[in-house]
Amino acid sequence: MAKFREEGSKEIPQISTASLPDIIFMLIFFFMVSTTIRETQLMVENTVPGATEVKKLERKDLVSYIYIGKPKRQFQDMYGTEPRIQLNDSFAKVGDIRDYIATERKQLDESERPKMTTSLKVDEDTKMGVVTDVKLALRKASALKINYSAREVDRVY
Amino acid sequence: MARPKGEFNAAPMADIAFLLLIFFLVATTFDVDTGIMRKLPPIPDEEQQRQQDDKQIKERNVFEVLINSNDQLLVEGDPMDISNLRESAKEFIVNPRNETDLPEMEMKEVPFFGETERTKGIVSLQNDRGTSYEMYMKVQNELTAAYNEVHDDLAMRKFGQHYKELTKEKKDAIDEKYPMIISEAEPKNVGGN
């Protein structure tokens with residue numbers, strides 16, 4: 001019978017850990033690429049409704065967000081429990097939307113301004129009244145492309 | 001004596017890499033933004049307003065959907081459950097048997113189809129200020145689903161492919177044959193805020 005093992009080398013050689021960082025770096029690159037760091041802190045309850053016919057929102061840099069919902073518990077003694085509008089990091093009134101859209105629009109390249117989309121992230125417990133006011137304000141600010149944010153679900157009823 | 005190999009101790013490197021990895025793991029939120037796209041109508045100026053008022057749309061060409069403040073549906077004058085909305089909207093859009101209470105067809109030149117019949121139907125959606133957003137989204141979802149199914153059916157019949165697999169030109173042609181027009185009337189305020 002042939003002998004494959006060399007005489008004398010009985011102890012197991014140590015595994016080289018040099019390739020371990022490579023694997024970890026690979027994982028890091030994956031997470032770095034897929035990370036979107038949330039820049040706004042949510043101050044309102046925000047569970048968007050489910051829908052089956054959702055489309056993915058492409059080009060996140062062209063999207064500005066409007067959050068609507070009940071203020072979170074820690075803000076309730078100051079702002080009450082009625083649904084409110086959040087723009088950037090603060091509560092806002094319907095009248096502030098015009099300025100918000102104008103600022104967001106200014107940040108975009110002139111050629112891309114028509115493609116600007118407003119994503120309405122509205123809590124499912126909200127009544128339509130405030131949403132209607134926001135939509136009217138958006139029409140007045142001529143931000144006409146909107147996206148009703150929704151989770152993808154299999155069935156809605 | 002063994003010659004020193006050109007290796008360095010790589011163990012701390014793994015530590016640093018782990019640290020970074022943990023940071024990105026924590027900071028990652030996989031929120032893909034999804035939703036239903038809509039286009040709001042521009043605010044008409046006075047001239048356009050007057051023209052609009054003159055232009056009467058025939059009742060048979062309008063699919064009227066009302067949602068009241070108790071989240072109940074009234075479709076074309078009859079109460080309806082949300083689960084039937086999709087089918088009845090589809091029938092309205094296609095009008096397969098050319099019925100007289102469903103929308104008229106007009107002849108129009110559409111790429112890929114040539115001179116073809118095109119529906120004049122539009123969907124009119126009106127809600128109350130007290131309607132819940134959840135119900136409103138369900139209705140929007142069903143109406144979108146109805147249009148999507150009609151488009152997909154046509155794509156299968158005409159091109160033998162699903163709508164989403166078609167080229168942009170073919171998609172546009174189908175959109176033009178069954179244009180998705182959902183007009184939203186100013187909401188009523190019956191149920192209070």
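In the predicted model, Tyr67(A) stands opposite Lys121(A), a residue of strand E6(A). Strands E3(A) and E6(A) run parallel and are joined over 6 bridges. Gly69(A) stands opposite Arg84(A) in E4(A).

Strand E3 (residues 63–69) of chain A is mostly covered, with 7 of its 7 residues buried. Burial applies to both faces. One side carries Val63(A), Tyr65(A), Tyr67(A) and Gly69(A). The other carries Ser64(A), Ile66(A) and Ile68(A).

The side chains of Lys121(A) and Asp33(B) meet in a salt bridge, at 2.9 Å from N to O. Lys121(A) lies in strand E6 of chain A, and Asp33(B) in the loop between helix H1 (11–27) and E1 of chain B, so the pair joins two chains. Both Lys121(A) and Asp33(B) are buried.

Chain A contributes 55 residues and chain B contributes 50 residues. The size of an interface is often given as the accessible area lost when the parts come together. For chain A and chain B the buried area is about 4,900 Å², with 64% of it on carbon and sulfur atoms. The interface holds 3 salt bridges. It also holds 21 residue pairs in polar contact, both residues being at pLDDT 80 or more.

Six elements of chain A each supply at least two residues of the side that touches chain B: helix H1 (20–34), strand E2 (55–56), strand E6 (117–122), helix H4 (128–140), strand E7 (145–149) and strand E8 (151–152). H4(A) gives the most, with 11 residues. By class, this side of chain A has 29 nonpolar, 10 polar and 16 charged residues.

E2(A) and strand E1 (residues 34–39) of chain B run antiparallel and are joined by 2 bridges. Within E1(B), Thr34(B) is the bridge partner of Lys56(A).

Side chains of opposite charge can pair when their charged atoms come close. Over all chains, the whole structure has 9 salt bridges. In chain B, Glu142(B) forms a salt bridge with Arg86(B), the closest N and O atoms being 3.0 Å apart. Glu142(B) lies in helix H4 (residues 133–159) of chain B and Arg86(B) in helix H3 (residues 82–94) of chain B, so the pair ties together parts that are 56 residues apart in sequence. Glu142(B) and Arg86(B) are both buried.

A further salt bridge links the side chains of Asp172(B) and Lys168(B), at 3.1 Å from N to O. Both residues lie in helix H5 (residues 168–177) of chain B. They are 4 residues apart, about one turn of the helix. Asp172(B) is partly exposed, with a relative accessible area of 37%. Lys168(B) counts as exposed, at 57% relative accessibility. Elsewhere in chain B, salt bridges that share partners join Arg86(B), Lys90(B), Glu142(B) and Glu149(B) into one network.

How values were computed
Residues numbered from 1 in each chain as written. Chains lettered and ligands numbered in written order. Predicted model: local features only at pLDDT ≥ 70, side-chain atom pairs only at ≥ 80, totals over all residues. Heavy atoms only, no water. Contact = heavy atoms within 4.5 Å. Buried area = accessible area lost by both parts, 1.4 Å probe. Salt bridge = Lys/Arg side-chain N within 4 Å of Asp/Glu carboxyl O. Polar contact = N/O pair within 3.5 Å; in protein donor to acceptor, adjacent residues only side chain to side chain. Nonpolar A, V, L, I, M, F, W, Y, C, P; charged D, E, K, R; others polar. Pairing = 2+ DSSP bridges. Buried < 20%, exposed > 50% of the residue type's maximum accessible area, 1.4 Å probe, protein only.
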